[in-house]
Amino acid sequence: MDNRYWRIARRPEGTDFAAALELAEENFTPLADGQIRIRNTLLSMDAGTRMWLTDREDGYQPPLPVGGPMTGLVLGELVESRAEGFGEGDLVRAFGQWAEVSTVDAVMSGALLLDPTVADRRAWFGPLGMNGWTALWGVERTGAARPGERVLVSAAAGATGILAVQIAKLLGCEAWGIAGGAAKCAYLTGELGIAGAVDYKAGDVGAQLDAAGGFDVYFDNVGGALLDQVLTRMNHYGRIAVCGLLADYTAGTRTAPREFDQVLMRRLRIEGFFSPDFMHEGPALTRRLREWTEGGELVMPYDVTRGLENTLDAYAKLFTGANIGKVIVELEP
């Protein structure tokens, strides 16, 4: 067999991914016009892909089919190409398969040629990748944060949140984060130097938010009951940038704010955003993010799991809060 990949055998329940996904093998078929073949060296673990494993038809993309491969962002070198502009040996990032080798249509997969001189290639999944694009766009454009305003970020120790709090600070805002556990909160305030952190595992989140004061921008990665707590602590004319709904992904619930009337009472604006909507802005976003990263102003801790066979262990960390920063699977060379 030429390739090992993770196959969706059935829809998962909660975080029981081992009962739903299985390692399978396949033989390669010849490439069609427009296709490329990537030897994956890194797989990106992203919480939003959990919704692709449900049977929901009203998400931002159709559900992945049972019996097919699990899909996510991959990074690696091309071993074969029948797509214009892509050649053997090129370093690329694309939406491919959780596999040793990904075979994709270059255009439909969003394949992007990467600069191989970047010292740490993991950065193409972190500050220089879609997590970085999303953090910058969400804070600056959707959240419309202005210098001096107070910005609150949920899941602030995750891959996108950890960048969002730093970017808010770089843009002259007072950055606050919500995270689970004393260690994560200490990292945010100590290592990253943000203004403060709310520990949702410590109890009485409302009281912690009250002590912090009102917020002008909320970068929401979680939704659920936490959104209700924040809605009543927003300043008038505040903006809520909805990036993710982590509370709903494994529970099968749908966020329905009890405090929705605060949108009217406080004249709030709520807007969802999704990185493919601004992929055309990627080069410009990357230039800014790379300047901050190479200047040491924007950092990312990486949680690395080695071996394709351990992918599900890495994926589960996103939903149990076991990670700080970007979760990545590193494949054997």
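In this predicted model, six strands form an open sheet in the order β10-β9-β8-β11-β12-β13, and their pairing is parallel. The edges of the sheet are β10 and β13, the latter covering residues 269–272, and each of these two strands pairs on one side only. From one strand to the next, the twist averages 15°.

Two of the pairings can be followed in more detail. Strand β9, made of residues 174–179, pairs in the parallel sense with strand β10, residues 196–199, over four bridges, and in this pairing G177 stands opposite A197 of β10. Strand β8, residues 150–153, also runs parallel to its partner β11, residues 215–220, to which three bridges join it; here V153 is found opposite F219 of β11.

What do β9, helix α3 and β10 make together? With α3 spanning residues 182–191, these three elements make a β-α-β unit that is right-handed.

| Helix pair | Angle between axes | Distance between axes |
|---|---|---|
| α4 (residues 205–212) and α5 (residues 224–231) | about 35° | 10 Å |
| α1 (residues 130–142) and α8 (residues 282–294) | about 95° | 10 Å |
| α1 and α2 (residues 159–170) | about 45° | 8 Å |

For α4 and α5, which pack at an angle of about 35°, the crossing is right-handed. On the α4 side the contact is made by V205, G206 and L209, and on the α5 side by L226, Q229 and V230. Sorted by class, the residues of this contact of α4 with α5 comprise four nonpolar and two polar ones, with no charged residue.

Helix α1 takes part in two of the listed pairs. Against α8 its angle is about 95°, and α1 is therefore roughly perpendicular to α8. The residues G132, W133, L136, W137 and E140 of α1 meet G282, L285, T286, R288, L289 and W292 of α8, and the contact of α1 with α8 divides into six nonpolar, three polar and two charged residues.

Is α1 oblique or roughly perpendicular to α2? The two helices pack at about 45°, with their axes 8 Å apart, which means that α1 is oblique to α2. The crossing of α1 and α2 is right-handed, and in their contact N131, G132, T134, A135, L136 and V139 of α1 meet A159, T160, L163, A164, I167 and A168 of α2. By class, this contact of α1 with α2 has eight nonpolar and four polar residues, and no charged residues.

Key:
Residues numbered from 1 in each chain as written. Predicted model: local features only at pLDDT ≥ 70, side-chain atom pairs only at ≥ 80, totals over all residues. Heavy atoms only, no water. Axes fitted to C-alpha atoms, helices over the stretch in contact; angles between N-to-C directions. Left-handed = near helix turned anticlockwise from the far one by under 90°. Contact = heavy atoms within 4.5 Å. Nonpolar A, V, L, I, M, F, W, Y, C, P; charged D, E, K, R; others polar. Pairing = 2+ DSSP bridges. Right-handed = clockwise from strand over helix to strand, strands pointing away. Parallel < 35°, antiparallel > 145°, perpendicular 65-115°, else oblique.
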